[in-house]
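Opened the notebook for a slow walk through one model. I want to jot down each thing I look up.

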Amino acid sequence: MAAAQDTTPAVEGTSRAGLSYGFGAYGIWGLVPLFWPLLKPAGAGEILAHRMVWSLGVVAILLLCIRRWAWAGELLRDPRRLGLVTVAAAVITVNWGVYIWAVNAGHVVEASLGYFINPLVSIALGVLLLGERLRPAQWVAVATGVASVLVLAIGYGKPPWISLVLAFSFGAYGLAKKKVNLGGIESLAAETALQFLPALGFLIWLGARGEATFTSEGAGHAVLLASTGIVTAVPLVFFGAAAIRVPLSTLGLLQYLAPVFQFGLGILYFHEEMPAARWAGFGLVWIALVLLTWDALRTARANRRTAERLRTAVREAEAVRDPAGVEARAADVEGAAGAAGAAGAAGAAGPAGAEAPVREV
């Protein structure tokens with residue numbers, strides 16, 4: 001049993017580091033509404049174009065540092081995956097653009113709703129497009145989410161289109177990334193490589209019309225526009241580091257930090273109104289998310305119990321066949337089980353399914 005004891009401190013240290021990275025990633029995504037207004041008087045289109053251009057520069061530097069290029073050749077030789085990356089680049093362009101516009105137009109609360117309902121949209125897409133089967137609690141959660149949208153639509157006098165566009169574009173983005181199966185940095189590099197030329201062309205066109213603010217608003221404004229690449233890449237790197245260090249269930253809970261922070265900023269900092277109908281709609285969304293979280297935690301506990309029973313059965317069977325060697329094998333099994341918490345989340349470092357989706361706001 002010494003082997004199991006020896007691995008415990010390392011696993012605990014890995015989990016603590018993973019939580020720190022997770023809080024860093026979702027904290028940045030949650031507080032980013034404070035950043036976009038600093039880029040005014042640049043419009044949402046110009047900010048979006050700068051984000052695409054400078055993000056490619058940042059991820060290229062990261063790839064040079066880690067010397068990870070083999071994926072690019074493999075991607076270029078696979079038309080299907082390249083097509084999915086193109087779809088991902090298109091829908092994340094919509095997501096980024098609408099989000100930046102919404103924040104700078106004073107719709108932070110409605111934007112936060114999009115990321116609250118995103119897990120429900122991801123589940124619905126899984127059912128409709130992947131043929132996944134839902135547990136009863138998940139069906140109730142999805143139905144509650146639909147009811148919340150109806151309540152909000154009645155309260156607004158129109159559908160909450162900002163929330164819906166953000167939720168469905170990010171859900172489609174996650175689905176495409178799940179199929180492509182690229183790491184976070186590599187995926188962002190591929191997407192921004194596709195976005196780069198159109199974005200650069202748009203910026204040149206703005207400059208030719210005299211409408212670009214990059215050179216006309218001073219050095220500080222130019223630095224802020226260039227830093228959009230860092231704001232995009234850094235939380236993604238933190239997310240990737242968290243995903244391989246903490247269990248998927250923990251990462252799934254952390255993802256709610258970002259919309260919670262955004263919602264708080266919308267109410268407390270930007271002083272957006274919250275009429276009764278909006279509170280009712282948000283309340284229904286939160287009930288749906290509580291149901292999803294409860295169901296996920298219950299399922300994870302059941303899976304752990306099943307795994308423990310299987311380990312026990314293996315030890316008992318081996319004890320019957322080889323009593324002398326069972327203690328050594330038991331220590332190996334316990335050590336592997338202790339490390340599984342960190343290794344089991346490795347698949348979440350990629351895109352979204354509704355693992356904790358990779359936030360790209």
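Below are my entries, grouped by topic.

**Entry 1: what I am looking at**

This is a predicted model, so I keep that in mind for every entry.

**Entry 2: salt bridges**

I started with the charged pairs. Side chains of opposite charge can pair when their charged atoms come close. My search of the whole structure turned up six salt bridges, and I followed up some of them.

I looked at Arg 68 and Glu 186, whose salt bridge has its closest N and O atoms 2.7 Å apart. Arg 68 sits in the loop between α2 and α3 (70-76), while Glu 186 belongs to helix α8 (residues 184-208), so this pair ties together parts that are 118 residues apart in sequence. I then checked cover for both partners. Arg 68 is partly exposed at 39% relative accessible area. Glu 186 is buried, with a value of 7%.

Next I went to Arg 135, which forms a salt bridge with Asp 295, again with 2.7 Å between the closest N and O atoms. This pair links distant parts of the chain, with Arg 135 in the loop between α5 (108-130) and α6 and Asp 295 in helix α13 (residues 276-321), 160 residues apart. Arg 135 comes out as partly exposed, its relative accessible area being 32%. Asp 295 has 1% relative accessibility, and because the cut-off for buried is under 20%, Asp 295 counts as buried.

Arg 298 and Asp 295 both lie in helix α13, three residues apart, or about one turn of the helix. Arg 298 is partly exposed, with a relative accessible area of 36%.

Lys 177 is part of helix α7. Is Lys 177 buried or exposed? I get 3% relative accessibility, so Lys 177 counts as buried. I also noted a polar contact of 2.5 Å between the side chains of Lys 177 and Ser 187.

Lys 158 lies in the loop between α6 (136-156) and α7 (161-180). Its relative accessibility is 47%, so I put Lys 158 down as partly exposed.

**Entry 3: helix α9**

I listed the buried residues of helix α9 (residues 219-226) and got His 221, Ala 222 and Leu 225. Looking down the axis of α9, I see these buried residues fall within an arc of 100°, so they line one face of the helix. What covers them? The cover for the buried residues of α9 includes α2 (44-66) and α10 (228-243). I turned to the face of α9 pointing away from the buried side, and the exposed residues Ala 219 and Val 223 are carried there.

**Entry 4: Ile 117**

I went to helix α5 for Ile 117. Ile 117 is buried, with a relative accessible area of 6%. Which residues is Ile 117 in contact with, leaving aside neighbours within four places in sequence? My list reads Ser 163, Leu 164, Ala 167 and Val 285. I also checked the C-alpha atoms of Ile 117 and Ala 288, which are separated by 8.8 Å although the two residues are 171 apart along the chain.

**Entry 5: a nonpolar patch**

Last, I looked at the surface. Leu 31, Leu 34, Val 260, Phe 261 and Tyr 269 form a nonpolar patch there, and together they have about 440 Å² of accessible area. Which helix gives the most to the nonpolar patch? I make it helix α12 (residues 257-269), with three residues. With 42% relative accessibility, Leu 31 counts as partly exposed.

Note on methods
Residues numbered from 1 in each chain as written. Predicted model: local features only at pLDDT ≥ 70, side-chain atom pairs only at ≥ 80, totals over all residues. Heavy atoms only, no water. Patch = residues over 30% accessible without salt bridge, like charges linked within 9 Å, V, L, I, M, F, W, Y side chains within 5 Å. Areas by Shrake-Rupley, 256 points an atom, 1.4 Å probe, with all protein chains shown as cover. Salt bridge = Lys/Arg side-chain N within 4 Å of Asp/Glu carboxyl O. Helix = DSSP H or I, 4+ residues; strand = E, 2+ residues; numbered from the N terminus. Buried < 20%, exposed > 50% of the residue type's maximum accessible area, 1.4 Å probe, protein only. Polar contact = N/O pair within 3.5 Å; in protein donor to acceptor, adjacent residues only side chain to side chain. Arc of directions from axis to C-beta. Contact = heavy atoms within 4.5 Å.
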